[in-house]
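Colleague: I have not looked at this one before. Can you take me through it?
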Amino acid sequence: MKKKLKQEVLVSPPLKKILVIMRLVSILILVFTVHVSASVYSQQTKLSLNFEDVTIREVLNQIEKQSNYKFLLQNELLDIDKKVSVSANQRSIDFILDEIFSDQRVDYVVTDRNLIIIRPVSIDGQAQQAGQVTGQVTDSSGAPLPGVTVVVKNTTRGTVTDSNGNYLIKEVPAGATLVFSFVGMKRQEILVGNQSSINLAMVEDAIGIDEVVAVGYGTMKKNDLTGSISSVGSDEMQNLNITRAEQALVGKMPGVQVKQVSGEPGASPQILIRGINSIDKSTSPLFVVDGHPIGDINMINPNDIERMDILKDASATAIYGSRGTNGVVLITTKHGTKGKNIINLNAYAGVQTVSKTIDMMNSREIAQFQYDSFVNRNLDEGNDISGDPTTWRRAVPQLILDVLNGTHTVDTDWQDEVLQSSALVQSYHLSSAGGSEKSKYYISGEYYSQDGIIEHSGFERYSVRVSLDSEVNDWIKLGGTVNPTYTYRDDVQTSGGGENTSTDILSNALIAQPFVPVYNEEGEFTNMYGWDGAVNNTNPVAIPHLITDNEQATKILGNLYTEILFTKELTFKALLGYSILNFRNKFFRPEDNAFQQGVPYGSSSSHQTLNWLNTYTLNYTKTFNEKHNLNVLLGYDVQKDQYEDNFLESDNYPNNLVQTLNAASEIDAGSSFEQEWTLLSYLGRINYNYQEKYYLTTSLRRDGSSRFGSDKKWGWFPSAALAWRVTGEEFMQDLSSVSNLKLRISYGLTGNNNIGDYLYVPTVDYNNYILGNGLAAGYHPNRIANPLLHWEQQEEVNFGVDLGLFNNRLIFSSDYFVKKNKDLLLNVQIPAITGFSNTTTNIGTVRNKGWEFVVNSHNIRGQLNWTTNFNISFYRNEVLELGPEGDDIMAGAHITRIGEPVGMFYGWINEGVIMNQQELQEAPIYNPGGSSETRVGDLRFKDMNDDGVIDNDDRTIMGNPHPDFIYGMTNNFTYKGFDLEIGLQGIYGNDILHGMRSRITNTRGRRNQMAIMNDYWKSEENPGNGKIPRANNNPTGNNRGSYIDFWLEDGSFLRVSNISFGYNLPQDLVAKMHLQKLRVYVTAMNPFTFTKYNGYNPDVNDSTSPLTPGEDWNNYPLLRTVSFGINLSL
Amino acid sequence: MIAMKKIKFIISVLIVLLGISCSENFLELEPKSNPDVNSLYETDTDFKLAVNGIYSEVQEYYRTFWRFSELRADNGDHLWTGYETVQRVDQFRMLTTDDILSSAWVDMYNAVFRSNMVLEKLETADPELVSNLNRYKAEAMFLRALNYFNIVRVWGEVPLALNTLAPAEALELPQSDVNTIYEKIIEDLTFARQNLPVSYSGDNLGRATKGAAVAILGKVYLTLQEYQLAENVIAEAMGMGYSLLPDYNDVFDHFNEHHAEYIFDIEYEPDLGGEGSNFANEFIPNNPEFREHFGIIGDSRETMSPTDEFIGLFLPEDERLPISAAKGFMQGDGSFFTTNHSFTLKYIASVSSNFDSRVNWKVTRFADVILMYAEALNENDKTEQAITELNKIRTRADVPTYSGLSQTETRDAIAKERRLELAFEGHRWFDLLRTGKAFEVMSAKGYDMESYQTVFAKPQREIDVVNDPSILSQNSGY
């Protein structure tokens, strides 16, 4: 209680009375032992000041206005009326304090709520005789805190508190500073002075209150945000062994769905921010790396990322104008900091295993199934089935009979053949960071290597990053980054249907019959063509072994910038960003017994993207009347992107010896292609707040793009947001349990310019005719002029509330949004007498509504710390307009229809198997009178129009690919030096079209079938489980109609996305090793998934088109990885 | 000093800034790999290539145009159950929503559009630059006329687009009556007849000639039953140097398609990335032995199988019979392999990849012109002269010549001869329409045809898009 009272006293003094209060407090501090609740000294807060010949008092007052800092002078002997001059731009507080107290010997301690206590170093300024210091460390509730590290600053001497929280350090020189640190608590530095006893209450590291977040063309205190932004910092990322930055977002924040659709090494996840914002165009967010919007972030090594801030609502994204609709991911990379020269090594190696395989039939089972399928077909056709089955009209293949009678015993587990038992992953990242007063550096190098679980698949990355920041003089800052990356990816094709000559490995492995051997008698890969009782396919084991398929990429990303201080308030920044991405792909399929194609085939292709950006911004920051805090940003932005590709192929190789095209006698086809886009923008933003209580943010961007039609070259993208920090009001001061309450409302317009290049231009295409018996070139207009074509537009309103309770021990945040995506590009039918049958028009509208919730809680603190972060998001998507007639858009198994979400599953709904003759008489019949008429043992389909017949009119919306909600939870535990993180991620309520089931549950048996098919209807007496129809070599009764809900499965899942367990070696031990930090850890990525889904990975989406969501065609299975690593600093 | 430095620096930065923002056309990017229409149609080469672009679209739709011109009629039937929409063409069961209708409409009007584009651009072209201006104009007009002739024979009253149309204009353009369309066809063909060269050589071989314009114009007049005009026009073609090949079999030598009898073909060649034709695969029976024997890789569609009735029309000695229809072939060992269906050999050529043969489509050849001439003469009461012309065809086929027939008998004889001579070459259905016998003949042979089915249904898609019967209405009966 004592302490609490004191805190309130410390915090409340109105600014003007500070000096009066100061004296009182000084006495209090003298009376009570130093019991300060300290806060982490915020490195991120930067101040700009410029004074000539003013008193220190005035400077401090000014700092209090500009920031959250408040000052407390511990000793009246300090001369704060002394006149000083200070000039600082974007400087940390300690820099400024050093400056103004440069000739007074003072020390300062930053405490909780940014209170800074300033006090003189002992009067005579000399180190007094060394003595011992003892004391007790408690948590904020007063309970003793064991395990706290206490060291004498700038030495390696220190200790750890015992089980009662007591410590003792000998030979502490007077004037020394003790550093108290404990995981999950704010680090505190206490000046010893002449005290011999220092008791201290540690305070939990309140989550995110002083955090500075990137907001696009600038940064802001998280406290001052008006929009909806979620962030991940490097601390949180270090517990994840990830290949790509996006993976750090899995399950970590609301409104951000990261789908790890493929386990292929180097594969990119799909990201969706706040639902589906388009019908036919990209829904991928904009990635901005250190101010440079780029398309591909694969070259960014996650270890080099300082933080990622995800802008979600339109007030946050509108500053990115025509690219803001799908959300913006701002990536801030690591830079050096003054004074701290650190070398850091993070190394790990791990083992990956396949997380799931699909249960398939074995030889005997599929042979029996196929035998029955022939019996049924013959019965359906009225054929005699007495006698030798090989003589039936629809003859059972001899091979099937041989399997059944045991003379053919081959039983290949094809999945086992193509999937290895384990694969290695390893990563080494070495970085060095630091700097002097004037210049800072960050240098890192990385090697990453991941083998695939399918042989001959893998990914390697070598990257280097060098970043320099330098202050040329007091008004010019210069800096730059260069980040070259080389990647090598050994590709295999996995997703697809897998038939005939296709080379998708998993699909071929699933349909492959188990009675076919991998190798023939000569030891060559079996050619899987022409086998009795089997569909033609390509030997899936041969594919990765024989086919060369790889991609090499060289990527250079970098920037240069300069900052000029015109005045203390006004700064100018110029940024030049550039990226060069170069890809080379090679493919070679040799001539081999395994492949049906008789001749070798090879191709070589490359593509390159050059992208550069110039951004110029003017930033003005000023506080008026000590109450009005204003920040104005003006900017000009110009960006250009150039893409080109080349492709060559041939099947005229003499043999398999040389794989490059020089060996081919003739090139069959070659092409090259170029395209480019430009973007020119003007932008402005005003951030204003009144006494940090009432906030207004408004921004405006004007974008001109080469992609927009000649009559719609420019678009305006405005936004506005208001926030009210209720806890800033007087009446809230008594409500001490509410530490933060903020209400937010925002509105904004953004665009989606992913509409393709030149879409409005009436271009020509090339085509040929034959003249003189040879090729004659020609061309024709292939697109109609469309001068009105423009970006897709989004209008969004967002309501938010942030609540912090019990000194932010419990933080709750919620957002509700309504987005209207209009002017969506759709093809509109036009009369063909124009020469075209459709033209792309801005015509569709979709509405998204959603709720997002976050709870951060510090459940237990003390020796054991436990924090929980939980988030959950709900979205509803509805199509409002679709073209002039509002016609449905059909796309395979999907329908997009007004009043429904985009891309619903459309087809026939089955109601189980027709078990007997009586049920058949009552059932609606497919193709009555025809050969494929419904019979007993077939699926019964729902008769939507009750006409007794199953036909196209009985198709309906049969499933929903969109989840009811997505959620994630991260739990962190620390105990002494141990730390444990468990991350969960989940989706609930969506359906998946398990596309391969159209083949591996299609009842024919010519492809292997899933093991669940063993429960098929065999007879009225032996009807199976009532869900699986009969085997039939020529399926009847719409059993393989496209598309039926028999192939839909529940896609809900809960995944333990990561478990990370680490141990920080004790400080004294580490110090003896001349290290600053040594952590050893073990991390498991994707260790467990709980789902009813039968496919490899429920978090699947075969296509990125919003029209066809939620299909699974057996992508590369997600891998479970367990790795061991060390993280050391020196 | 510092202030001066700052000012200098700021000024230099501003200069850099302005330098970058000054590029006015920064947002006006010309498509790099597909040029803007407006940057073409200037030079002679531009127009040559643009005209080739029209041919290319005609080449495209002629791959399947035989469904309208031949499959609909009584020479052959579609026997492959796997391709129901095509079968419906043969059996008069088409739905207005069938893709076959809409894709033909789209392709044919696209070819018209390409002609209109060329003609429009030629109006403002610089004759100094475009040395072959008149020829290009004549070619574009010939192709536009050919397309409209095909369109009007398939659908009857349709919109007559004579210039390029914006979507809004297209929605307002009402369909024209058949006579108006024919007037325009005649106008175009007349210009083509006057301005096209008699023949081409080298790289231009295959373009539309004066002879082609004359032959099509003659057919237009025949269709309009303007027999005197027809006779006059066709008479010109008779004296242009065309002649019948001595051997009927040589007409279908796909390695020498520009022979003395050739007038106008749609050209195809294999192994050039999609320039081959599909007829070799489409018109053959589905027997692996057959494909192997003739060296035809890939699918066979058996979409056109000669009927027994048609085969029965031939005299046994008719040299045209073995190439027009067969029921099998002699294998290497001397045994006869009977195929599951009869087939025509007119389009047999070895094919190294699916649907990529060298076989041209003969739009018109000299035998067609001779028979048209005979028809015009007979209708103009010059029966004897007509029989003389008809007998040229009979003689070449090595069958007995006619003599002493009445005008009516001659009319029937010519119709029958056209059927025997030109079977599966895209004439039969239009001949039936032209002579007003389609309903009578098809019904008599058991086809389930309704009298309104002399025109096809307009594609439902077009009706729906226009959504205004006063602009575009469905043909009656559908």
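Predicted model: local features only at pLDDT ≥ 70, side-chain atom pairs only at ≥ 80, totals over all residues.

Colleague: Fine. How many residues does each chain put into the contact between B and A?

Modeller: Chain B gives 68 residues and chain A gives 59 residues.

Colleague: And what area is buried there?

Modeller: About 5,500 Å² is buried between chain B and chain A, and carbon and sulfur atoms give 67% of that. On the chain B side, Phe26(B), Leu27(B) and Leu29(B) lose the most area to chain A, together 14% of what that side buries.

Colleague: How many salt bridges are there between chain B and chain A?

Modeller: The count is 2 salt bridges. One of them joins Lys32(B) to Glu676(A), with the closest N and O atoms 3.9 Å apart. The cut-off for a salt bridge is 4 Å. There are also 21 residue pairs in polar contact across the interface of chain B and chain A, with both residues at pLDDT 80 or more.

Colleague: Which parts of chain B touch chain A?

Modeller: Several elements of chain B each supply at least two residues of that side, among them helix 2, helix 4 (99-123) and strand 4 (262-266). Helix 1 of chain B gives the most, with 10 residues. By class, the side of chain B that touches chain A has 38 nonpolar, 14 polar and 16 charged residues.

Colleague: Now chain B by itself. What domains is it divided into?

Modeller: Domain 1 covers 2-76 + 96-196 + 454-466, and domain 2 covers 279-359. Their centres, taken over C-alpha atoms, are 38 Å apart.

Colleague: How many residues are in contact between those two domains?

Modeller: In chain B, 8 residues of domain 1 are in contact with 10 residues of domain 2. The area buried between the two domains is about 710 Å², with 67% from carbon and sulfur atoms. In domain 1 of chain B, Trp66(B), Asn75(B) and Gly76(B) lose the most area to domain 2, together 62% of what that side buries.

Colleague: What about salt bridges and polar contacts across that interface?

Modeller: Between domain 1 and domain 2 of chain B there are 0 salt bridges. The rule does find 2 residue pairs in polar contact there, both residues at pLDDT 80 or more. The largest share of the domain 1 side, 5 residues, comes from helix 2 (residues 44-71) of chain B. By class, that side of domain 1 of chain B has 3 nonpolar, 2 polar and 3 charged residues.

Colleague: Back to salt bridges. What is the count over all chains?

Modeller: The count comes to 72 salt bridges over all chains. One of these is between the side chains of Glu852(A) and Lys312(A), at 3.3 Å from N to O. This pair links distant parts of the chain, 540 residues apart. Glu852(A) is in strand 39 (residues 838-860) of chain A, and Lys312(A) is in the loop between strand 20 (305-311) and helix 6 (314-317) of chain A.

Colleague: Last topic, the backbone. Which peptide bond is cis?

Modeller: The bond from Ser1042(A) to Tyr1043(A) is cis, with omega near 0°. Tyr1043(A) lies in the loop between helix 13 (997-1000) and strand 52 (1048-1050) of chain A.

Colleague: What is phi of Asn773(A) near?

Modeller: Phi of Asn773(A) is near 65°, a positive value in a residue other than glycine. Most residues other than glycine have a negative phi. Asn773(A) is in the loop between strand 35 (764-771) and strand 36 (774-781) of chain A.

Conventions: Residues numbered from 1 in each chain as written. Chains lettered and ligands numbered in written order. Heavy atoms only, no water. Domains from an automatic or database assignment. Contact = heavy atoms within 4.5 Å. Buried area = accessible area lost by both parts, 1.4 Å probe. Polar contact = N/O pair within 3.5 Å; in protein donor to acceptor, adjacent residues only side chain to side chain. Helix = DSSP H or I, 4+ residues; strand = E, 2+ residues; numbered from the N terminus. Nonpolar A, V, L, I, M, F, W, Y, C, P; charged D, E, K, R; others polar.
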